[in-house]
Amino acid sequence: MPKRTSKTDDERTITITELPLVALRETVIFPEMIVPLQVGRDKSVAALNAAVAEGGRIALVTQRQADHEDITEPGQLYAIGTIAKIAQVVQLQDGTVRAIIQGQARMRLHGFAKTEPFIRARIEELAEQPSKDVEVQALMRSVQAQVEQYVQAGAPVPPEAAVAARNISEPGLLADMTAYSPDMTTEQRQELLETIDVAERLKIASAFLAHQIEVHELKGRIQSEVKSEMDKTQREYILREQMKAIQRELGEEDPQQADVNELRDKIEAAGMPDEVKARALKEVDRMSRIPSASPEVGVIRTYVDWLVGLPWNVSTEDLHDIKEAAKILDEDHYGLEKVKERILEYLAVRALAEKIRSPILALVGPPGVGKTSLGKSIARAMGRKFVRMSLGGIHDEAEIRGHRRTYIGALPGRIIQNVKTAGTNNPVFMLDEIDKVGMDFRGDPSSALLEVLDPEQNNSFQDNYLEVPFDLSKVLFVATGNLIDPIPMALRDRMEIIQVPGYTQREKVEIGKRFLIPKQMENHGLKPKHIQFTDEAMTELVQAYTHEAGVRNLEREIANIMRKVARTVAEGRKAKTVIDVKRLLQYLGPPRFEYGELEPEDQVGSATGLVVTEVGGDVVAIEVTRMDGKEDFILTGQLGEVMRESARAGLSWIRTHAAQLGISRDTFEKQTLHIHVPAGATPKDGPSAGITMATAMVSAYTGIPVRRDLVMTGEITLRGRVLPIGGLKSKILAAHLSGARLAVVPRKNEKDLRDIPEEIRKQIKIVLVDSMDQVLETALRRRPKPLPATPKTTISETDAGREPAPEAPIRRPNFPPDQPTVVV
């Protein structure tokens with residue numbers, strides 16, 4: 001039996017009763033409320049069984065946090081709950097208990113008597129205070145009216161609720177009735193339960209009903225408007241269909257109306273985004289209201305045709321077979337390993353992650369190395385369509401973004417035009433010659449390309465003609481160019497630069513055999529039984545008849561030979577023509593080039609340097625002669641300002657180290673130097689010829705010859721340091737083709753040696769240096785003999801303030817050893 005104890009408060013006497021307690025989750029029980037209750041927690045089941053054994057009364061209190069499983073403290077529950085009577089208990093198969101309960105009265109929780117095996121709580125029963133004053137009566141009538149309005153506004157409660165509210169005479173019970181509404185939250189129900197004063201409880205119920213009435217009335221208006229709009233659209237559709245049927249029966253269909261209907265059908269089938277579809281339909285509606293003779297009809301028709309013709313949701317599926325893609329790339333191009341590797345990496349990531357931004361690749365290299373044709377191979381390897389846009393000579397921004405429709409004959413830009421030509425929204429899009437984009441009063445096309453080539457922006461590219469966004473993020477853009485420097489920095493930052501260097505001699509021979517000869521044989525109608533090239537002839541053709549980084553001239557010379565052989569076949573020759581070195585001389589004449597004109601013997605005042613041009617690497621001889629005279633040294637050969645400063649820095653280092661180099665100081669006062677770089681019609685600039693000019697000057701001053709089979713490149717400082725340079729691979733390829741056996745390069749370029757083909761590194765020795773002492777030790781045939789040391793003298797007043805010449809080369813504390821490093 002429940003325990004009852006009484007205690008006296010300062011103002012009143014309260015009665016504490018102990019009852020089994022069940023904690024409720026997201027449920028609030030009110031007095032007079034009859035509800036089914038399903039109990040699953042062990043403590044709750046035990047409390048329910050104990051309550052049944054003690055007479056059926058039980059305390060029901062809602063948890064503050066619904067996710068708490070075990071209730072151990074009164075603070076985890078709300079302070080106000082309900083005393084309920086258990087009417088029926090059913091044990092279910094899953095171990096839970098289902099009970100029918102009826103709320104009896106409010107109660108206040110004063111603590112736990114025990115918590116195991118169930119919670120026995122100390123509670124105070126709160127009696128309902130009857131109130132019949134005028135305010136309560138007015139509130140009751142207001143709430144009853146609101147309940148009727150609530151039901152009429154479409155609230156999710158049965159219509160009988162309004163009748164039940166009118167028949168309730170107890171104000172507290174009427175207020176508690178609003179808790180039945182599904183629109184009331186657990187927190188609102190608990191607030192209503194905790195309000196003991198009847199008048200305040202009616203006010204809370206009235207405020208809740210007023211808010212819900214407003215919400216449901218607004219919801220009803222919205223639904224009514226939507227339904228009305230749907231009815232209007234359906235009505236218009238039915239009328240249009242009826243109009244079509246009448247016109248077909250009469251044979252009087254309006255041509256303009258037929259065009260309008262056709263455009264509407266195309267718009268529905270185009271798969272456009274909603275905002276684009278709305279814009280297109282708006283234009284079609286405007287077209288239907290304009291007289292057919294108006295020029296505006298043609299403008300609108302062209303605009304809508306462009307919209308429906310774009311591949312808004314048409315994509316080609318990428319090939320995910322990496323091995324097959326690698327096979328296709330190798331079939332079309334020989335070499336170019338870095339580019340192929342990057343494409344295969346993209347395909348591999350695409351196979352694993354569906355949502356990936358397409359990279360913006362930029363292939364930079366000399367002409368004729370296969371950059372443009374590589375784009376077609378990439379498209380074939382990926383299973384995508386291929387489109388190409390040449391940017392060379394473009395000066396008008398409208399070529400990229402298009403013209404606005406206010407201009408007569410306006411069209412979209414070439415980006416949108418090419419995407420429409422491709423017919424898919426994910427083609428391989430080649431931007432050819434991106435380094436040759438111009439700029440004038442019509443705008444800057446390179447700035448317009450910033451949005452196109454930015455993965456963060458091109459998903460909503462907006463053409464001036466279309467004036468609606470188009471998603472370019474699925475397009476794989478591949479740009480090509482010969483030089484990096486002319487590309488604006490902002491545009492360069494958005495692209496992944498991949499250097500495509502010139503081919504080696506062996507690569508050219510292989511490309512000629514695998515690709516160029518079969519291609520030209522097919523073009524000229526020849527078969528293998530008509531012509532055959534020997535390996536010696538291919539090597540001679542590459543070395544003596546072409547001078548380029550790519551293979552375009554090689555293909556022309558092969559085509560030249562094919563034409564001559566085709567003539568002999570057409571004249572009736574049956575025997576196979578074997579192209580050897582002798583036959584080359586007969587067909588093409590004497591050799592045109594002596595690749596890399598190295599000196600026939602060691603020379604004084606002449607050194608060979610390495611340079612990079614638009615067609616790849618090359619070797620250049622630097623000549624220095626000394627003569628009597630006191631004027632400043634002479635520089636000729638169209639040298640740029642940077643190259644002139646490098647020559648001055650080299651001369652300053654020589655004068656500083658004159659004693660160690662065996663050069664008397666009188667030489668500088670009585671004689672001058674003339675530095676000349678041949679090919680005077682060609683402008684030259686850059687710091688990488690610094691050590692070459694310094695070596696040639698030392699050779700001219702000392703009379704010691706420079707090795708004829710040695711080439712060099714590197715920037716010089718006033719302290720004789722050798723700084724790194726760029727384009728090392730192209731330069732070493734040129735050195736190899738020139739026949740050089742030694743190449744002197746900065747030590748800091750050692751990391752770039754891995755890009756040089758293994759076959760080249762086996763045939764040329766690469767010497768790594770980081771000081772001019774090491775350069776001279778490798779380049780000169782013998783070491784300069786230092787001048788005898790002079791006794792130290794006291795600095796006179798005349799020499800005061802002038803620093804004496806250093807007695808030894810200036811070096812850093814951690815300077816590498818004097819001996820250069822030779823990489824075989």
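In this predicted model, helix α8 (residues 274-289) packs against helix α9 (residues 295-309). Their axes lie 10 Å apart, at an angle of about 155 degrees. Axes are lines fitted to C-alpha atoms, for helices over the stretch in contact, and angles run from 0 to 180 degrees between N-to-C directions. Helices (H or I, at least four residues) and strands (E, at least two) are DSSP runs, numbered from the N terminus. The angle makes α8 roughly antiparallel to α9 (over 145 degrees; under 35 is roughly parallel, 65 to 115 roughly perpendicular, the rest oblique). The crossing of α8 past α9 is left-handed. A crossing is left-handed if the near helix is turned anticlockwise from the far one by less than a right angle, and right-handed if clockwise. On α8, the contact (heavy atoms within 4.5 Å) uses Val-276, Arg-279, Ala-280, Glu-283, Val-284, Arg-286 and Met-287. On α9, Glu-296, Val-297, Ile-300, Arg-301, Tyr-303, Val-304 and Leu-307 take part. By class, this α8 contact with α9 holds nine nonpolar, no polar and five charged residues. Ala, Val, Leu, Ile, Met, Phe, Trp, Tyr, Cys and Pro count as nonpolar, Asp, Glu, Lys and Arg as charged, and the others, Gly among them, as polar.

Residues are numbered from 1 along each chain as its sequence is written. Local features need pLDDT of at least 70, side-chain atom pairs count only at pLDDT 80 or more, totals for chains, interfaces and linings use all residues, and side-chain values use heavy atoms, with hydrogens and water left out.

Helix α17 (residues 505-523) and helix α18 (residues 535-544) cross at roughly 115 degrees, and their axes come within 9 Å. This makes α17 roughly perpendicular to α18. The crossing is right-handed. The contact of α17 with α18 has four nonpolar, four polar and three charged residues. Gln-520 also belongs to α17. Gln-520 counts as buried, at 7% relative accessibility (buried is under 20% relative accessible area, exposed over 50%, partly exposed in between; 1.4 Å probe, protein chains only). Gln-520 touches Glu-555, Ile-558, Ala-559 and Met-562, not counting residues up to four places away in sequence.

Five strands form an open, parallel sheet in the order β9-β10-β13-β8-β14. Strands pair if DSSP finds at least two bridges between them. β9 (386-390) and β14 (496-499) are the edge strands, each with a single partner, so one side of each has no neighbour in the sheet. The twist averages 20 degrees from one strand to the next. Five bridges join β8 (residues 360-364) to β13 (residues 476-481). Val-364 stands opposite Gly-481 in β13. Helix α14 (residues 414-422) packs on the sheet, touching β9 and β10 (428-432).
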